[in-house]
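Welcome, and please take a moment to look over the model below. A short tour of its main features comes after it.

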Amino acid sequence: MATETLTRERILESAEEVLRRYGPAKANVVDVARALRVSHGSVYRHFPSKAALRDAVTARWLESISEPLEAIAAGKRTAPRRLERWLDTLVQAKRRKALDDPELFATYVELAADAREVVRAHVQTLVDQLTRIVADGVAAGEFAVDDPRVAARAAFDATSRFHNPVHAAEWADLQIDSAYGAVRSLVLRGLAGSTPGRRAPAVRRTPSGSPRGRQPSP
């Protein structure tokens with residue numbers, strides 16, 4: 001038996017490795033317990049079912065995406081710059097996960113399909129972050145929209161091709177950067193509306209060609 005204290009974090013880390021090795025269809029709680037060198041009952045004391053463990057793994061993965069975005073949403077730069085960076089960071093994070101480790105990405109996508117409540121909560125978190133950015137922009141006279149939440153959800157949906165895993169097969173397309181840049185610019189200009197003096201920032205590119213905004217501190 002393992003002498004190290006069994007924690008939720010250790011179980012989740014082990015579950016991720018088991019899922020990577022066996023895939024969602026074959027991985028089970030016994031495999032996780034075996035990898036940890038504990039009884040499966042010990043795992044069940046932290047997670048009451050296989051479904052609960054899979055949901056927790058999914059939530060952990062999604063939090064690795066939402067947490068850096070929260071730092072951007074809570075930043076002090078102008079709302080347009082924060083929105084720029086927020087969208088770029090989301091798109092780049094999803095693309096890296098999909099292209100750098102496609103098998104593991106496919107595993108998480110499969111898990112997410114079965115964890116609808118977890119995914120719904122994740123999307124709500126992201127829209128909440130966007131809403132705060134847009135509301136700050138309205139308060140500062142940088143954006144001209146009537147309802148920040150409606151506008152935030154529209155911005156999220158408008159860019160979904162570039163961050164929703166349903167579209168992952170398109171992300172290796174050579175034209176995807178140009179397409180994203182055009183949509184991002186359209187979103188920023190739409191939010192600025194007829195606000196006097198506001199111009200949406202031009203799309204900047206990394207050396208690799210991926211569109212991004214300026215990279216201020218959170």
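First, a word on the ground rules. This is a predicted model, in which local features need pLDDT of at least 70 and side-chain atom pairs count only at pLDDT 80 or more, while totals for chains, interfaces and linings use all residues. Residues are numbered from 1 along each chain as its sequence is written, and side-chain values use heavy atoms, with hydrogens and water left out.

Let us begin with the whole protein. Its secondary structure comes to 9 helices and 2 strands; these are DSSP runs, H or I of at least four residues for helices and E of at least two for strands, numbered from the N terminus. Read from the N terminus, the order of the elements is α-α-α-α-α-α-α-α-α-β-β. The protein has 218 residues, and 46% of them count as buried (buried means under 20% relative accessible area, exposed over 50%, and partly exposed in between, with a 1.4 Å probe and protein chains only). A contact here means heavy atoms within 4.5 Å. Among contacts between residues at least 6 apart in sequence, 66% join residues at least 24 apart.

Next, find helix H4, residues 50-73, and helix H7, residues 116-139. Two packed helices are described by the angle between their axes and the distance between the axes. For H4 and H7, the angle is about 5 degrees and the axes are 10 Å apart. That makes H4 roughly parallel to H7. Here, axes are lines fitted to C-alpha atoms, for helices over the stretch in contact, and angles run from 0 to 180 degrees between N-to-C directions; under 35 degrees counts as roughly parallel, over 145 as roughly antiparallel, 65 to 115 as roughly perpendicular and the rest as oblique. Which residues of H4 and H7 meet? On the H4 side they include Asp55, Leu62 and Leu69, and on the H7 side they include Val118, His122 and Ile133. The residues of this contact divide into 9 nonpolar, 5 polar and 3 charged (Ala, Val, Leu, Ile, Met, Phe, Trp, Tyr, Cys and Pro count as nonpolar, Asp, Glu, Lys and Arg as charged, and the others, Gly among them, as polar).

Alanine 56 counts as buried because its relative accessibility is 12%. Not counting residues up to four places away in sequence, alanine 56 touches Arg8, Leu12 and Phe47. Alanine 56 and glutamate 9 are 47 residues apart in sequence, yet 10.0 Å apart in space, C-alpha to C-alpha.

On a 1 Å grid over the protein atoms alone, a cavity is a set of points where a 1.4 Å probe fits but cannot get out, and a pocket is an open set with protein on both sides within 12 Å along at least five of seven lines; lining residues have an atom within 4 Å of a point. Grid points are joined across faces, edges and corners, and a volume is the space filled by probe spheres set on the points. The structure holds 2 cavities of 30 Å³ or more, and the largest cavity has a volume of about 90 Å³. H4 gives the most to the lining of this largest cavity, with 4 residues. By class, that lining has 8 nonpolar, 1 polar and 2 charged residues.

The largest pocket has a volume of about 380 Å³. Of the 19 residues that line the largest pocket, Lys94, Val119, Val123, Asn164 and Pro165 lie nearest its centre. The lining of the largest pocket has 12 nonpolar, 4 polar and 3 charged residues. The second largest pocket holds about 180 Å³ of space, and its lining has 4 nonpolar, 1 polar and 7 charged residues.

Threonine 107 is found in helix H6, residues 102-114, and counts as buried because its relative accessibility is 9%. Arginine 37 lies in the loop between H2 and helix H3 (40-44), and is exposed, with a relative accessible area of 56%. Most residues other than glycine have a negative phi. Arginine 37 has a positive phi of about 60 degrees, although it is not a glycine.
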